[in-house]
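Dear colleague,

I am handing over the structure below, and I would be glad if you kept it open while you read the notes that follow.

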Amino acid sequence: MKKVYLYTDGGCRGNPGPGGWGAVLEYDGHQKCLKGSAPETTNNQMELTAAIRGLEALTRPCDVVLTTDSQYVKNGITQWMANWKRNQWRTAAKKPVKNKALWQALDEAVGRHNVSWHWVKGHAGHPQNELADALANEAMDALLHAD
């Protein structure tokens, strides 16, 4: 199985507000950059979307080293999701899980791959995280400046 490095970031201007996401895929010396936007979203929704779209871009099962600056995404998938599923997508406080459809899409995308999750501090000079952040901002700028 090929080993792919995936770096993701998302954000929005206002929370909620217009948002963007970016993903950087690296494999065997090659790099592919992805980005997208949504007119009304949240930071967490864009962070989740970046991970989903990055994983969906892979055409065959891979060993994926996924690096995010979102504790929400990393902890959700590695620590909280099993209990949410067991509790019919309710939190420990018995409330519906926020962003359920995105979590389910991420769960499905992860299921096709062997993913290891890593967290880095955002805006701390990690080159690929900075690139993913720049892609997310480019997507937001394009959305905000569209005619």
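A charge is said to sit over a ring if NZ of Lys or CZ of Arg is within 6 Å of the ring centre and within 35 degrees of the ring normal. Please keep in mind that this is a predicted model. In it, lysine 2 lies over the face of tyrosine 27, at 4.4 Å from the ring centre.

The largest pocket has a volume of about 160 Å³, and its lining is made up of Lys2, Val4, Leu25, Glu26, Tyr27, His30, Gln31, Lys32, Ala57, Leu58 and Thr59. The elements that give two or more residues to this lining are strand E2 (17-27) and strand E3 (30-41).

The aromatic rings come next. A pair of aromatic rings is described by the distance of the centres and the angle of the planes. The structure holds four aromatic pairs, and one of them joins tyrosine 72 and tryptophan 103, whose rings are 5.2 Å apart centre to centre with 65° between the planes, an edge-to-face arrangement. This pair links distant parts of the chain, as tyrosine 72 belongs to helix H2 (residues 71-86) and tryptophan 103 to helix H3 (residues 100-111), 31 residues apart. Tyrosine 72 has a relative accessible area of 19% and is therefore buried, the cut-off being under 20%, while tryptophan 103, at 0% relative accessibility, counts as buried too.

Tryptophan 103 also pairs with tryptophan 84: the ring centres are 5.1 Å apart and the planes stand at 65°, so this pair is edge-to-face. Because tryptophan 84 lies in helix H2 and tryptophan 103 in helix H3, the pair ties together parts that are 19 residues apart in sequence. Tryptophan 84 has a relative accessible area of 10%, so this residue is buried. Taken together, ring pairs link Tyr72, Trp80, Trp84, Trp89 and Trp103 into a cluster.

Serine 70 is located in the loop between strand E4 (63-68) and H2. Is serine 70 buried or exposed? With a relative accessible area of 6%, serine 70 is buried. Once its neighbours within four places in sequence are left aside, serine 70 is in contact with Glu47 and Trp119.

With best wishes

Technical notes: Residues are numbered from 1 along each chain as its sequence is written. This is a predicted model: local features need pLDDT of at least 70, side-chain atom pairs count only at pLDDT 80 or more; totals for chains, interfaces and linings use all residues. Side-chain values use heavy atoms; hydrogens and water are left out. On a 1 Å grid over the protein atoms alone, a cavity is a set of points where a 1.4 Å probe fits but cannot get out, and a pocket is an open set with protein on both sides within 12 Å along at least five of seven lines; lining residues have an atom within 4 Å of a point. Grid points are joined across faces, edges and corners, and a volume is the space filled by probe spheres set on the points. Helices (H or I, at least four residues) and strands (E, at least two) are DSSP runs, numbered from the N terminus. Rings of Phe, Tyr and Trp (its six-membered ring) pair if their centres lie within 6.5 Å; planes under 30 degrees apart count as stacked, over 60 as edge-to-face and the rest as tilted. Buried means under 20% relative accessible area, exposed over 50%, partly exposed in between (1.4 Å probe, protein chains only). Contact means heavy atoms within 4.5 Å.
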